[in-house]
Amino acid sequence: MIPPLGMGNEGGLSGGDLGSVLGGARKKGREDPAKAIAEIAARLSPEDQASLLKFARFLEQESPAPAPEPVPEPEPIPRPESESVIKAMRRLSATYHMLDRSKLLNETSALMGQHVMQGRPAVEVIDELEVVFRTHYEKAVVQDPTRQTDADHDEAPGGASQ
């Protein structure tokens, strides 16, 4: 598990494998309700699973759809002068905590592989990791239904662009 930042860890970030780096920062101590429900359901009898499903569908119909939440701003963490790739992954995962780590996995693991297997310098890999995280964040902001884009402001009356 990723230790919380600013809690007595100078530099704040210890080593670990890629899975713990990508997966651990997202939760921040909260239990994932969907995962907890799935774990409980797996332990129930088939009849109780059917009842749980009926109840969940009832709640779904009775509950108003939640309003979409805006993509939060990154929590910038300064880049240390000397940083390992693993520590950079932890720092960037904490900075961009709102991103889905599974969407980053392919690009980030390829970069880590270049560093570990091919000896690519850490500074170069970290520079690229920062671009990967920033790019994914910018895509999330563009796709955020709660934010108005500049294009919304640039349109003339009637929907035609100026």
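**Contacts, core and helix packing in a predicted model**

Mentor: Tyrosine 96 touches Pro74, Arg101, Phe133, Arg134 and Tyr137, leaving out residues up to four places away in sequence. The model is a predicted one.

Trainee: What makes these residues count as contacts of tyrosine 96?

Mentor: Contact requires heavy atoms within 4.5 Å, and Pro74, Arg101, Phe133, Arg134 and Tyr137 are the residues that touch tyrosine 96 on that basis.

Trainee: Which residues touch the most other members of the largest nonpolar core?

Mentor: Among the 18 residues of that core, they are Val85, Tyr96, Leu99, Leu129, Phe133 and Tyr137. Helices α4, α5 (101–118) and α6 each supply at least two residues, and α6 gives the most, with seven residues.

Trainee: Why is α4 called roughly parallel to α6?

Mentor: The axes of α4 (residues 85–95) and α6 (residues 122–142) come within 10 Å and cross at roughly 20 degrees. Angles under 35 degrees count as roughly parallel, and therefore α4 is roughly parallel to α6. Their crossing is right-handed. On the α4 side the contact is made by Val85, Ala88, Met89, Arg91, Leu92 and Ser93, and on the α6 side by Ala122, Val125, Ile126, Leu129, Glu130 and Phe133. These residues divide into nine nonpolar, one polar and two charged.

Trainee: Why is glutamine 49 called partly exposed?

Mentor: Its relative accessibility is 34%. Buried means under 20% and exposed over 50%, so glutamine 49 counts as partly exposed. Glutamine 49 lies in helix α3 (residues 46–62) and, neighbours within four places in sequence aside, is in contact with Ala41, Ala42 and Leu44.

Methods. Residues numbered from 1 in each chain as written. Predicted model: local features only at pLDDT ≥ 70, side-chain atom pairs only at ≥ 80, totals over all residues. Heavy atoms only, no water. Axes fitted to C-alpha atoms, helices over the stretch in contact; angles between N-to-C directions. Helix = DSSP H or I, 4+ residues; strand = E, 2+ residues; numbered from the N terminus. Parallel < 35°, antiparallel > 145°, perpendicular 65-115°, else oblique. Left-handed = near helix turned anticlockwise from the far one by under 90°. Nonpolar A, V, L, I, M, F, W, Y, C, P; charged D, E, K, R; others polar. Buried < 20%, exposed > 50% of the residue type's maximum accessible area, 1.4 Å probe, protein only. Core = buried A, V, L, I, M, F, W, Y, C linked by side-chain atoms within 4.5 Å.
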